[in-house]
Structure formats: C-alpha cells, structure tokens
Protein chains: 2
Amino acid sequence: MTNEISFFQNPDGTREEILEATFYALRQHGYADLTISKIGDEFGKSQSLIYHHYDNKDELLVDLLDYMLEQVENQVPLPNQSPEEYIEIIVDEIFGTSSNSDVEFSQAVIELRAQAAHDDDYNRLFRRSDDFIRKQIARVIRAGVDAGAFDVEDPSQTAALFHTVLVGIQAERITSDEETIDDVRAEFRRYVENCLLSE
Amino acid sequence: MTNEISFFQNPDGTREEILEATFYALRQHGYADLTISKIGDEFGKSQSLIYHHYDNKDELLVDLLDYMLEQVENQVPLPNQSPEEYIEIIVDEIFGTSSNSDVEFSQAVIELRAQAAHDDDYNRLFRRSDDFIRKQIARVIRAGVDAGAFDVEDPSQTAALFHTVLVGIQAERITSDEETIDDVRAEFRRYVENCLLSE
C-alpha cells in the first residue's frame with residue numbers, strides 16, 4: 001500500500017486494521033459509494049470479521065472519525081516549550097504539508113464533516129473535537145499572554161480564528177494548489193506577528 | 001416551502017425550478033442518499049421533465065453547483081464605495097448570518113466541495129470559483145493600497161487568507177454555535193484593523 005497515513009503505519013489489532021481499510025476505501029470511493037464490501041476488499045480478511053465488530057457502514061465510519069479526530073487532538077503540543085515555539089508548531093500543524101497523506105487525511109475529514117449536517121453522531125464528534133482543539137490553542141495563547149510574549153485581549157477569540165483557518169485549509173486542500181496554500185500561510189504568519197506577538 | 005433560499009425566491013423557468021428542487025432535496029437527504037426520484041418529489045412536476053434536461057444525478061448536481069457558485073461570485077461587491085466600506089461588506093459576506101438559509105447554503109456547498117476529491121467536474125468548478133473570489137478580493141485590497149487606505153504588501157496573500165476564512169466558516173457553520181462564529185468574526189476584525197488598515 002503506497003502513501004501510507006502515518007497513524008496507520010503500525011495498526012494495533014483488528015479494530016485498527018479495519019479502520020485503516022475503511023480509511024483507504026473512503027478515500028478511493030467517497031462516502032456515497034462506500035460499502036462494507038468495498039471495505040472488505042481493502043481489509044483483505046474475512047468480511048464477516050468486520051460485521052463482528054460493526055453493525056453497518058455508518059457505525060464503522062463514526063468509529064473511524066472518532067479515531068481520526070483523536071489523532072488531530074493529539075497533534076496539539078503539550079506545554080514544554082516557549083509560547084512562541086508552541087505557536088510556530090500549531091501554525092505548522094494547521095498548514096500541514098502537501099504530502100499525499102496530509103491531503104488524503106484532510107479530504108476524509110471534510111467528507112465526514114459534511115455528513116454532520118444530516119447525522120447527529122458525526123455532529124457530536126466534530127463539536128467535541130472542535131471545542132477541544134480551540135481550548136488547547138487558547139490555553140497556549142493564554143500562557144503566552146501570562147509570560148508577556150503575546151499581546152492578546154481574548155485568547156478564546158484568537159483560538160477561534162486559528163481553528164477556522166485550520167478547517168478552511170482542510171477544505172481548500174481538496175482543490176487548491178500549493179502556491180495558494182503558501183500565500184495563506186504567509187499572510188497568517190503576518191497576522192501572528194502583528195496581532196499576537198508583543199512588540 | 002419554508003426557509004426559502006433568497007436566490008430561489010423567484011425561480012426563472014424550468015431549469016431554476018429543477019435546481020431549486022435539487023437544492024432542497026440535497027439539504028434534506030444529503031448527497032449520498034439523493035436520487036432523481038427524491039428530487040422529483042420536491043419538484044412537484046413530472047420526473048420525466050428532469051430527465052429531459054439532465055442525464056443523471058451528478059450532471060444535475062454539477063449544474064446546481066455552477067449556479068450556486070455564480071451566486072457566491074455575484075456577492076463580491078463592485079467598486080463604487082470606499083475601500084474601507086468594501087472590506088466591511090466582504091467581511092459581512094464571509095460571516096453571513098445564522099439564518100437557516102445561510103446555514104443551509106453553507107452545508108450544501110461543503111457537501112459538494114467534498115465531492116471535488118473524487119470528481120473532476122466538481123473540482124474544476126470550485127477551482128474556477130475560488131480563483132475568481134480570491135482575485136476579486138485582491139482587487140479591492142489593491143485599490144485600498146493605491147488609495148492609501150490599506151497598508152498591505154501583497155494583496156494576493158491577504159485575499160488568500162480571506163478566502164480560507166470564508167471556506168472555514170462555511171464548514172464550521174455545520175456544527176458551530178453562533179457564539180463561536182462571533183468569536184471568529186471579532187478576531188478577524190482585529191486582524192483587518194491591525195494588518196490591513198493604514199495607521
């Protein structure tokens with residue numbers, strides 16, 4: 001399997017193997033055309049093993065989403081660096097890379113986010129994850145304000161814009177070329193310098 | 001029909017009537033569960049009339065997307081106001097309102113944007129529309145720089161961030177409460193004041 005997603009490099013047990021197969025089947029066929037049978041083709045083991053763990057396609061996809069959002073949540077760095085260094089790391093995470101695995105991850109997340117309009121389970125997971133990420137970013141900014149490194153009045157507001165840019169980039173990665181993403185990144189750095197860092 | 005989308009208030013001819021029915025059927029059932037039969041239920045006229053205009057569901061949805069993106073493109077104001085006034089209008093358009101029609105429009109656009117990962121027609125339309133909107137915003141910013149109202153080095157970069165925030169808000173509207181959107185808007189206004197307007 002080429003273009004492996006890093007968090008699936010060492011699938012740990014049957015659940016992760018099924019989730020990995022689901023991720024690649026989703027990427028290949030899209031949500032609308034995805035079936036347990038197509039996931040079984042990627043899985044390479046008995047399809048009945050999938051039904052042993054999941055009743056249907058959406059139960060499996062919601063578990064995949066839960067798993068993927070945990071990966072995103074774990075990307076938020078823990079506080080063992082200076083606030084300026086954290087913000088650099090967060091900005092890098094927001095913009096990711098143009099590698100196939102980052103683009104495929106973004107595409108899958110946006111495809112599942114669109115389902116949140118029709119399905120409470122997807123909606124609930126995205127609300128939980130979005131809130132978590134916003135609060136983590138706000139915490140880093142607040143630490144920077146306390147340390148005198150950042151000049152921000154309301155860290156929650158600043159974190160909210162960071163999160164919107166994260167989601168916007170995920171959606172734009174589907175169609176935008178790297179030059180455009182680089183433009184956004186350059187302007188966002190200008191915003192960080194002028195609106196976050198103390199003079 | 002309640003919660004009417006403004007651009008469908010006076011559907012002009014059969015094409016717009018079919019597109020309106022498609023929009024509401026998409027909102028109700030989602031892309032994956034949408035069928036010509038369900039569109040026919042919304043349409044209220046003979047289903048064969050739909051097949052007279054479109055060969056299949058995706059041909060119809062691509063035409064709907066084309067039509068919707070034209071509406072977005074037409075929202076970009078023409079230059080008959082001061083640069084500061086334009087930017088205010090653009091910011092208002094980016095954040096829209098929490099009305100059902102704005103939320104439903106955003107949901108439909110994100111659902112179709114997710115299809116761009118699998119389908120060249122959707123991909124091509126979004127690329128065209130995204131480029132158009134970015135260029136229009138850049139033009140407004142450039143006019144502001146020329147008039148001495150804005151202090152921006154690269155209007156294209158600034159426009160690229162504006163567009164990312166537009167797309168991010170469309171995606172976040174599916175799950176975020178109004179308070180969060182208000183936080184993003186407040187921070188984005190802070191960015192405009194500190195990073196665009198001349199001192």
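Me: What makes the pair Arg134(B) and Glu172(A) a salt bridge?

Reply: The term requires a side-chain nitrogen of Lys or Arg within 4 Å of a carboxyl oxygen of Asp or Glu. In Arg134(B) and Glu172(A) the closest N and O atoms are 3.3 Å apart, so the pair meets the 4 Å limit. This is a predicted model, in which local features need pLDDT of at least 70 and side-chain atom pairs count only at pLDDT 80 or more, while totals for chains, interfaces and linings use all residues. Residues are numbered from 1 along each chain as its sequence is written, chains are lettered from A and ligands numbered from 1 in the order in which they are written, and side-chain values use heavy atoms, with hydrogens and water left out.

Me: Why does the salt bridge of Glu172(B) and Arg134(A) join two chains?

Reply: The side chains of Glu172(B) and Arg134(A) meet at 3.3 Å, N to O. Glu172(B) sits in helix α8 (residues 155–172) of chain B and Arg134(A) in helix α7 of chain A, so the pair joins two chains.

Me: How do you know which residues of chain B and chain A take part in the contact, and how many do?

Reply: Contact means heavy atoms within 4.5 Å. Chain B gives 51 residues and chain A gives 51. The buried area (the accessible area, with a 1.4 Å probe, that two parts lose on being put together, summed over both) is about 3,900 Å² for chain B and chain A, with 59% from carbon and sulfur atoms.

Me: What counts as a polar contact, and how many residue pairs pass between chain B and chain A?

Reply: A polar contact is a pair of N or O atoms within 3.5 Å; within protein, one must be able to donate a hydrogen and the other to accept it, and residues adjacent in sequence count only if both atoms are side-chain atoms. The interface of chain B and chain A has 16 such residue pairs, both residues at pLDDT 80 or more. On the side of chain B that touches chain A, α8(B) gives the most, with 13 residues. That side divides into 22 nonpolar, 17 polar and 12 charged residues, where nonpolar means Ala, Val, Leu, Ile, Met, Phe, Trp, Tyr, Cys and Pro, charged means Asp, Glu, Lys and Arg, and polar means the others, Gly among them.

Me: What makes Asp119(B) a cap of α7(B)?

Reply: A side-chain oxygen of Asp119(B) lies 2.8 Å from the backbone nitrogen of Asp121(B), at the N-terminal end of α7(B). Just after α7(B), Gly148(B) has a positive phi of about 80°.

Me: What divides chain A into domains, and where do their bounds lie?

Reply: The bounds come from an automatic or database domain assignment, with domain 1 at 11–54 and domain 2 at 65–195 of chain A. The C-alpha centres of these domains lie 28 Å apart. Between them they bury about 880 Å², 61% of it on carbon and sulfur atoms. Phe23(A), Arg27(A) and Tyr31(A) supply 60% of the area that domain 1 buries against domain 2 of chain A. The count between the two domains is 0 salt bridges, with 3 residue pairs in polar contact.

Methods: Helices (H or I, at least four residues) and strands (E, at least two) are DSSP runs, numbered from the N terminus.
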